[in-house]
Amino acid sequence: SDVCSSDLRQPEGRVLSATTANIARVAVVAIVAIQALTLHFMGRVWICDCGTIRLWVGDIWSPELSQQMFDWYTASHIVHGILFYAVLRLVLPRSPVLVRLTIAVGIEAAWEIAENSPWVIEAYRKQALAAGYTGDSILNSLMDNVSMATGFLLARLLSWKATVALVLVLEVGAAALVHDNLTLNVLNFIHRFPVIEAWQMKAQK
């Protein structure tokens, strides 16, 4: 169909062969499996210690944050995907979208593994909103990668103006509602700002 043809052919004229598509799909599955198994061998729990699987956790102070499927930090992972799409489109403009998506999934998986290392967990715990952070459940980590892929695909489908607007809505919305977002997360990870931390401590429970 015309839709399928447009999906397979990039604007630069590169055609994605069926073989390459299949390899990319297998690679995505393999990367996600490696992510899950690596986290398991690192001692991460598969699901929340509470024994319940929830779709959403809205309390930024909840011990189930980063343990369930989605939470306020899901927005940050969607933004990850949008940024990965932009960077990979710039660096690998002639590569098929599915290949770029596979690379993005690999980058996100690598970050999820690093994020759950003792050093990064301890670094996060120094932030105002992450004092009780003990790492992600494997379920949450995998859904973070799904959220990233969602952001990547949204960037592929939306116009650049709509994509920029989406990023602003996600970042400003999260900052307004829970006093945190990807930008603040990165800033606080690099250097702690007392003014920001004081403001974040006012986040509603």
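**Stop 1: helix α4**

Select residues 97-115. This is helix α4, with 19 residues, and its first and last C-alpha atoms are 26 Å apart, close to the 27 Å expected at 1.5 Å a residue. Bear in mind that this is a predicted model.

Now show the side chains of α4. Its buried residues are Val-97, Leu-98, Arg-100, Leu-101, Thr-102, Ala-104, Val-105, Glu-108, Ala-109, Glu-112 and Glu-115. Against which helices do the buried residues of α4 pack? Colour α2 (18-41), α3 (74-91), α5 (118-125) and α6 (138-157) to see these partners.

**Stop 2: where α4 meets α5**

For the contact itself, pick Trp-111, Ala-114 and Glu-115 on the α4 side, which meet Val-120, Ile-121 and Tyr-124 of α5. Sorted by class, this contact has five nonpolar residues, no polar ones and one charged.

**Stop 3: the rings around Tyr-124**

The model has a count of five aromatic pairs. In one of them, the ring centres of Tyr-124 and Tyr-133 are 5.7 Å apart and the planes stand at 80°, so the pair is edge-to-face. Both Tyr-124 and Tyr-133 are buried.

Tyr-124 also pairs with Phe-189, here in a tilted arrangement with 5.4 Å from centre to centre and 55° between the planes. Because Tyr-124 belongs to helix α5 and Phe-189 to helix α8 (residues 182-190), this pair ties together parts that are 65 residues apart in sequence.

Are the two partners buried or exposed? Tyr-124 has 9% relative accessibility and so counts as buried, while Phe-189, with a relative accessible area of 29%, is partly exposed.

**Stop 4: helix α3**

Finally, select α3, one of the partners of α4 from the first stop. Its 18 residues should span 26 Å at 1.5 Å a residue, and the end C-alpha atoms are 26 Å apart, which agrees.

The buried residues of α3 include His-77, His-80, Phe-84, Tyr-85 and Leu-88. To see what they pack against, show β2 (70-71), α4, α6, α7 (160-178) and α8 alongside the buried residues of α3.

How values were computed: Residues are numbered from 1 along each chain as its sequence is written. This is a predicted model: local features need pLDDT of at least 70, side-chain atom pairs count only at pLDDT 80 or more; totals for chains, interfaces and linings use all residues. Side-chain values use heavy atoms; hydrogens and water are left out. Helices (H or I, at least four residues) and strands (E, at least two) are DSSP runs, numbered from the N terminus. The expected span of a helix is 1.5 Å times one less than its number of residues. Buried means under 20% relative accessible area, exposed over 50%, partly exposed in between (1.4 Å probe, protein chains only). Contact means heavy atoms within 4.5 Å. Ala, Val, Leu, Ile, Met, Phe, Trp, Tyr, Cys and Pro count as nonpolar, Asp, Glu, Lys and Arg as charged, and the others, Gly among them, as polar. Rings of Phe, Tyr and Trp (its six-membered ring) pair if their centres lie within 6.5 Å; planes under 30 degrees apart count as stacked, over 60 as edge-to-face and the rest as tilted.
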